[in-house]
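Me: Please take a close look at the aromatic ring pairs in this model and at what surrounds them. I would like one connected account, with the criteria stated.

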Amino acid sequence: MAIHDITIEQGSTFAKTLTITDDADAAINIASDTFRGQVRKKHTSTEIEATFTMTVTDGANGIVAWSLTDTQTAAMGNGRFVYDLEWVKADGNVVRLLEGVADTTPEVTR
């Protein structure tokens with residue numbers, strides 16, 4: 001698991017990719033796996049601020065994209081949030097890949 005802080009701009013599309021590798025830095029085949037991730041105000045919040053769309057774009061090379069639409073980011077409050085991304089392996093095991101602070105900057109143009 002790694003800590004990686006992000007900035008989300010309200011009203012803008014947010015998109016990143018992540019490559020899943022082993023300890024030798026070789027890509028892991030994730031073609032049969034799924035991924036999930038959410039943004040919340042704090043770790044204990046019951047309300048979800050946003051849910052990432054997680055798409056395996058190149059399973060054989062371990063690449064997954066994670067994104068939020070401009071509509072999703074426009075609906076978010078501004079300020080400091082927390083997020084994490086989880087890898088749900090085909091065998092049912094869950095691994096937290098990333099977590100961190102998600103700073104949301106306010107939109108001016110609407």
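Reply: Six aromatic pairs are counted, where rings of Phe, Tyr and Trp (its six-membered ring) pair if their centres lie within 6.5 Å, planes under 30 degrees apart counting as stacked, over 60 as edge-to-face and the rest as tilted. One of them joins F52 and W66: the ring centres are 5.1 Å apart and the planes stand at 75°, so this pair is edge-to-face. F52 belongs to the loop between β5 (48-51) and β6 (53-58), and W66 to strand β7 (residues 63-68), so the contact ties together parts 14 residues apart in sequence. Strands here are DSSP runs (E, at least two residues), numbered from the N terminus.

F52 and W66 are both buried, buried meaning under 20% relative accessible area, with exposed over 50% and partly exposed in between (1.4 Å probe, protein chains only). F52 also meets Y83, with ring centres 6.1 Å apart and planes at 75°, so that pair is edge-to-face too. The relative accessible area is 4% for F52 and 3% for Y83. Ring pairs link F14, F52, W66 and Y83 into a cluster.

The model is predicted: local features need pLDDT of at least 70 and side-chain atom pairs count only at pLDDT 80 or more, while totals for chains, interfaces and linings use all residues. Residues are numbered from 1 along each chain as its sequence is written, and side-chain values use heavy atoms, with hydrogens and water left out.

Y83 also takes part in the lining of the largest pocket, where Q38, R40, H43, Y83 and D84 lie nearest the centre among 13 lining residues. On a 1 Å grid over the protein atoms alone, a pocket is an open set of points where a 1.4 Å probe fits, with protein on both sides within 12 Å along at least five of seven lines, and lining residues have an atom within 4 Å of a point. β4 (34-40), β8 and β9 each give two or more residues to this lining, and β4 gives the most, with five.

Two charges sit over rings, that is, NZ of Lys or CZ of Arg is within 6 Å of the ring centre and within 35 degrees of the ring normal. K41 lies over the face of F81, 4.7 Å from the ring centre, and the charged end of K89 sits over the ring of W87, 4.6 Å from its centre.

Notes
Helix = DSSP H or I, 4+ residues; strand = E, 2+ residues; numbered from the N terminus.
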